[in-house]
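Here is a short briefing for a first look at this structure. Keep the view open while you read.

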Amino acid sequence: MSDIKARLTDAMKDAMRAKDSARLGVIRMALAALKQVEVDERIELDDARVLAILDKQVKQRQDAARQYGDAGRQDLADTELAEIEVLREFLPQPLSDDEIDALISQAIADTGAAGMQDMGKVMGQLKPQLQGRADMGAVSGRIKARLTA
């Protein structure tokens, strides 16, 4: 069992003991998403895959919160934002902009990337290092800017 999945299971038990139904619901939803992938693909998830699934759940909730906010339903947006905070407890600390730029520079140097045709090589090297620690869409934009300059 992955370390993150074990932490989620322990947090679920703690939330049950504390009778914290909001936190319990979020953690159960995350565990259900993990279990669904395990059953569908007949595999045991490793930490990298667990991070990817949790990161996806955070993005889904951010999108929902934005849509609720645009529709004038701030109460529902606040619920989504609270769920994001619970999920973020299980993700690694986000990287700073300087750290991301340093990793991008290193990846470009390592792959010998010279232009946009090498974008996939750079992203392929960076994705495992940045998963759950940075917005990959923003990182992609930074790499494009560096490769076209």
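**Helix 1 against helix 2**

Helix 1 (residues 3-18) and helix 2 pack with their axes 9 Å apart, at an angle of about 145°. The crossing of this pair is left-handed. The model is predicted.

- Helix 1 brings Lys5, Leu8, Thr9, Ala11, Met12, Ala15 and Met16 to the contact.
- Helix 2 answers with Arg23, Leu24, Ile27, Arg28, Ala30, Leu31, Leu34 and Glu38.
- By class, this contact of helix 1 with helix 2 has 10 nonpolar residues, one polar and four charged.

**Overall layout**

- The chain has seven helices and zero strands.
- Along the sequence the pattern reads α-α-α-α-α-α-α.
- The C-alpha trace spans about 55 × 40 × 30 Å along its principal axes.

**Helix 2 against helix 4**

- Two packed helices are described by the angle between their axes and the distance between the axes.
- For helix 2 (residues 21-41) and helix 4 (residues 74-88), the angle is about 65° and the axes lie 10 Å apart.
- Helix 2 passes helix 4 in a right-handed crossing.
- From helix 2, the contact takes Arg23, Val26, Ile27, Met29 and Ala30.
- From helix 4, the contact takes Glu83, Val86 and Leu87.
- Six residues of this contact are nonpolar, two are charged and no polar residue takes part.

**Salt bridges**

- How many salt bridges does the structure hold? The count is 12.
- Side chains of opposite charge can pair when their charged atoms come close.
- Glu83 and Arg61 form a salt bridge through their side chains, at 2.7 Å from N to O.
- This pair links distant parts of the chain, with Glu83 in helix 4 and Arg61 in helix 3. The two residues are 22 residues apart.

**The largest pocket**

- The largest pocket has a volume of about 230 Å³.
- Its lining is made of 13 residues. Closest to the centre are Asp55, Arg88, Leu91, Pro94 and Gly132.
- Which helix gives the largest share of the lining? Helix 3 (residues 47-70) does, with four residues.
- By class, the lining has five nonpolar, three polar and five charged residues.

Technical notes: Residues numbered from 1 in each chain as written. Predicted model: local features only at pLDDT ≥ 70, side-chain atom pairs only at ≥ 80, totals over all residues. Heavy atoms only, no water. 1 Å grid on protein atoms, 1.4 Å probe; cavity = no way out; pocket = protein on both sides within 12 Å on 5 of 7 lines; lining within 4 Å. Points joined across faces, edges and corners; volume = space filled by probe spheres on them. Nonpolar A, V, L, I, M, F, W, Y, C, P; charged D, E, K, R; others polar. Axes fitted to C-alpha atoms, helices over the stretch in contact; angles between N-to-C directions. Left-handed = near helix turned anticlockwise from the far one by under 90°. Contact = heavy atoms within 4.5 Å. Salt bridge = Lys/Arg side-chain N within 4 Å of Asp/Glu carboxyl O.
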